[in-house]
Amino acid sequence: MELAELVRQRRSIRGYRREPVPKALIREVIEIASAAPSSMNTQPWHFHVVTGEPLERIRQENTELMMAGAPLRREIRLHRKYEGVHRDRQVDIAYQLFDAMGISDDREMRQDWMMRGFRQFDAPVSIVATIDRSLEESTVAYLDVGAAVHALVLAAWERGLGTVINGQGISQSPVVRAHAGIPDDEIIVTCVAMGWPDEAFAANDVKSTRVPVDRIANFVGFDE
Ligand SMILES: Cc1cc2nc3c(=O)[nH]c(=O)nc-3n(C[C@H](O)[C@H](O)[C@H](O)COP(=O)(O)O)c2cc1C
């Protein structure tokens, strides 16, 4: 697939078939992700691929703690509540998804949707992306792992695999750290839920909108 088409076509997948994903295919996708650029070629990233029993335990404990009202335990700094245009965009995509699922007017089902996020949308695989703790203060390292994660989701899409980058899935990061065996010298940045898309799952067809180029790009020094 041509790059522009691949980047434009990819979308987050939140409903998966139960079929497992071959380890060799995941390795291939990670190998492509590792070709991403990084500052001074430091390659500060690691990918912990979790499936089966350990992933079930992560889902269960993450969800239980979130349902019990436990505070978020993330390992990176987060902006807790969006405002202004950022809040508007957050609400827009949420309602696009709720409308697709026919749950916009159903408070209980919207709550259930949130729980699905904490369960990593029941994907058969979760890839936890980390950076070396020694680079914790380097904002650049987070840019680096972001570049690799984008390459990863594109490489997956090209192979018919769906993904959603899923902060909710690591809301209780100590749980993820324990069950995925993540060493102390790494920081959990995010996770990517992955699997074969369920074609019948309506939210998988949702195409999120983007701000036009004229509002995000500023061209300086051009003749016209
Ligand atoms: C860092 C990051 C964290 C995300 N966390 C979640 C999440 O917890 N739950 C979710 O449903 N989507 C999550 N997403 C997916 C975004 O909602 C999605 O990328 C955005 O709405 C654009 O849609 P698209 O991926 O279909 O283009 C996350 C995306 C990123 C980049």
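1. Contact here requires C-beta atoms, placed from the backbone, within 7 Å; helices (H or I, at least four residues) and strands (E, at least two) are DSSP runs, numbered from the N terminus.

2. The model is predicted: local features need pLDDT of at least 70, side-chain atom pairs count only at pLDDT 80 or more, and totals for chains, interfaces and linings use all residues. Residues are numbered from 1 along each chain as its sequence is written.

3. Helix 7 (residues 173-180) lies across strand 1, strand 2 and strand 4 (186-195), and runs at about 80° to strand 4. Axes are lines fitted to C-alpha atoms, for helices over the stretch in contact, with angles from 0 to 180 degrees between N-to-C directions. A residue is buried if 20 or more other C-beta atoms, placed from the backbone, lie within 10 Å of its own. Just after helix 7, Gly181 has a positive phi of about 65°.

4. The sheet is open, with 4 strands in the order 1-2-4-3 and antiparallel pairing. Its edge strands, each pairing on one side only, are strand 1 (45-51) and strand 3 (162-165). On average, neighbouring strands of this sheet are turned by 25° against each other, direction ignored. Strand 1 and strand 2 (residues 125-132) pair in the antiparallel sense over 7 bridges; pairing requires at least two DSSP bridges. His46 stands opposite Thr130 in strand 2.

5. Helix 6 (residues 139-158) has 20 residues and spans 29 Å from its first C-alpha to its last, close to the 28 Å expected at 1.5 Å a residue; the expected span is 1.5 Å times one less than the number of residues. Among its buried residues are Asp144, Leu152 and Trp157. The buried residues of helix 6 pack against helix 1 (3-9), helix 2 (23-33) and strands including strand 1 and strand 3. Just after helix 6, Gly160 takes a positive phi of about 85°.

6. Around the ligand stand Arg11, Ser12, Arg14, Ile93, Gly117, Val164, Ile165, Asn166, Gly167, Gln168, Thr190 and Ser208, where a residue is included if its C-beta atom, placed from the backbone, lies within 6 Å of the molecule. By class, this shell has 3 nonpolar, 7 polar and 2 charged residues; Ala, Val, Leu, Ile, Met, Phe, Trp, Tyr, Cys and Pro count as nonpolar, Asp, Glu, Lys and Arg as charged, and the others, Gly among them, as polar.

Terms used
Contact = placed C-beta atoms within 7 Å. Buried ≥ 20, exposed ≤ 12 C-beta atoms within 10 Å, placed from the backbone.
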